[in-house]
Amino acid sequence: MCGGTQPGQMQSAGDGRAASTAGTQTDSAAGQTPRLSKVNLFTLFSLWMELFPSVAHLKKSQVKKAGLVVVKNMKIVGLHCSSAELHAGQIALIKHGSRLKNCDLYFSRKPCSTCLKMIVNAGVNKISYWPADPEVSLQIEVSNPTTTEDAKLDAKAVERLKSNSRVRVCVLLQPLVYYMVQFVEETSCKCDFIQKIAKTQPGLNTDFYAECRQERIKEYESLFLISNEERHKQILRTIGLENLCENPYFSNLRQNMKDLILLLATVAASVPAFEHFGFYCNGSQQTREMYHQSLPQEIARHCMIQARLLAYRTEDHKTGVGAVIWAEGKSRSCDGTGAMYFIGCGYNAFPVGSEYADFPHMDDKQKDREIRKFRYIVHAEQNALTFRCQDIKPEEESMIFVTKCPCDECVPLIKGAGIKQIYAGDVDVGRKKADISYMKFGELEGVSKFTWQLNPSHASDQEVQESAARENGVQRTTLLDDPQHQSKKLCLGNH
Ligand SMILES: [Zn+2]
Ligand SMILES: [Zn+2]
C-alpha cells in the first residue's frame, strides 16, 4: 500500500506491484516462494532499528527511539537510530552529508520539522515513514514543558516543508502475499537457531518457539501499533493523513501494519533470548581476548535478525540466506548504535540483471549437475561484500552475521576481506554435498567464530558447580566424621 495525503495516491500501490512483477527482479517467481518486497524490507528494518540495543540504553529502562534506513539505488547504505542527544534524521545528516542526495529514507516515525528541513535541503528523493506515533511525540515525552501545541505547530511546519519541496513524503507499505506470514513462520521454525535449541534440549516443549513468538507479537504490537483506533485516527489527522482515516483505507492500513508487525515478531523469535543460548566460540577456542572482543549478545542477536529478514528476499526458492556486515569503530559515535556502524548486507540471488528463466534452479536432487543452480547463485555473503557501502578497515573490529554456516566458497572471501568475526549458525558445519560444502569453516583460523549454542562457560560453570557440590558433599561427610570439627560445631552452637 502506498498512502499519501490523497487517497488517490493509494492507487499507486497497485501500480507499484505491477511494475515490480514486470521488472527484472524475480518477483514473478511468487508462485513458488513468497518474497518480501524491498519497500517492506526497508520498512521492517526501520522499525527494527528503533529497537537497536545501545549500550547506554541497556542500563536505563527502554528509551523510545526512532529508527532510520538510508537507501541509495534500492540498496541499504545506512542503518541508524536516534540517540539521547540527536534525532535519527540529524544523525543521517552527520554521517552522510550531501551523499543523502537522491537517497530514499525510511523512518520508523514521521520526522519532525528540525530533521525534515535539513533532509529536504540535502536533496533526498523520498521519505517514507511508519504511520503511527510521529517523532515529535518523543520530545513531548522527554521534556514536559513542550505541549501538544508544539506538536501541532511542528506538524504544520512539516506539511509546509513537504508541500514546498520536490521530496515525496509518504507512507509506503505494501500488502504481504497472503501466505507470506505462514511461510515465514514455517521457515523460522526450521531455521538453524531454533533447530539447534530443539536438538540440544530434547526434553524441551516443542512449542517454545510459538511461545517466544507470542511474546514478541504482544511486545511489538504495543510498540508499533496504536491499540486504540480512535487515537490512531487522531494521530493520522495530526500528521496530515486525514484521508487515511476513512474506510476502507483505515482498515487496510491497520491490516498492513499488523501483518508487518506479525512478520517482524515471527522473525525476531527465530533468534530468541532463550535460556543460555547465544553466539559463542566453541569451548576450547574461547580465549579471554576473544571474550572481550565479542559483542554483547543482545546486539549479536539484533544483527542476526536483520540477516534473517534479508533471507526473505532470496531468489533461491529452497534456501533463503541473509548476511549483514557491521563494524565497531574505535570510539562511540553520535549514532544511537554507539560505536557500531553498518557496512553492507545481502541475500542469495542470481547475478544482478538476470531474468528468472536465465539460470537453472535445481538442487542436488537433480542428477544432471549442469542444470543445478549452484554455479549461478551469488551467496548472501558475496552480495554483502560486493554491495558494501563502506570499506572494511583493518584496524577496526568488523563482523559478518550469516543465517547459515558460510560455505567453502565464502569462508576465504570473508577472511580475505579482513572481516574479524563471523556470527553464524553451525548446523551445516562439516557437511559436504555434491555442489556445496561446509568443510573450511571448522578449520578456519585468524577469524573469530561465534556460533549459536548453549553458553559453554555456563555449561562448564554447571559442571564446576556440580563437581563442587559433589566435593562439598564429600567434604561435609568427612568433616562430620572429623571429631575435631564436630566439637567446633558444638562450640559454635553454645554461643
Ligand atoms: Zn527530528
Ligand atoms: Zn557461500
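I take a residue as buried if 20 or more other C-beta atoms lie within 10 Å of its own. The model is predicted.

Entry on Pro 272. I looked up its place and found it in the loop between helix 12 and strand 7 (277-280). Pro 272 has 20 C-beta neighbours inside 10 Å, so it counts as buried. I also checked its separation from His 302: 30 residues in sequence, and 9.8 Å in space from C-alpha to C-alpha.

Entry on the core. I asked which members of the largest nonpolar core touch the most others. They are Leu 68 and Leu 264, out of 121 residues. Helix 12 (residues 249-268) gives the most to this core, with ten residues. I then listed contacts of Leu 68 beyond four places in sequence; among them are Ala 88, Gly 89 and Ala 92.

Entry on helix 4. Just after the helix, Gly 97 has a positive phi of about 55°.

I traced an open sheet of six strands, ordered 7-12-11-10-8-9, with mixed pairing. Strand 7 and strand 9 (340-347) are its edges, each pairing on one side only. Strand 10 (residues 397-402) and strand 11 (residues 421-424) run parallel, joined by four bridges. Within that pair, I see Ile 400 opposite Ile 422. Helix 14 (residues 297-310) packs on the sheet, and its direction makes about 145° with that of strand 8 (322-328).

Conventions. Residues are numbered from 1 along each chain as its sequence is written. Chains are lettered from A and ligands numbered from 1 in the order in which they are written. This is a predicted model: local features need pLDDT of at least 70, side-chain atom pairs count only at pLDDT 80 or more; totals for chains, interfaces and linings use all residues. Helices (H or I, at least four residues) and strands (E, at least two) are DSSP runs, numbered from the N terminus. A nonpolar core is a set of buried Ala, Val, Leu, Ile, Met, Phe, Trp, Tyr and Cys residues joined through C-beta atoms within 7 Å. A residue is buried if 20 or more other C-beta atoms lie within 10 Å of its own, exposed if 12 or fewer, and partly exposed in between; C-beta atoms are placed from the backbone. Two residues are in contact if their C-beta atoms, placed from the backbone, lie within 7 Å. Two strands pair if DSSP finds at least two bridges between them. Axes are lines fitted to C-alpha atoms, for helices over the stretch in contact, and angles run from 0 to 180 degrees between N-to-C directions.
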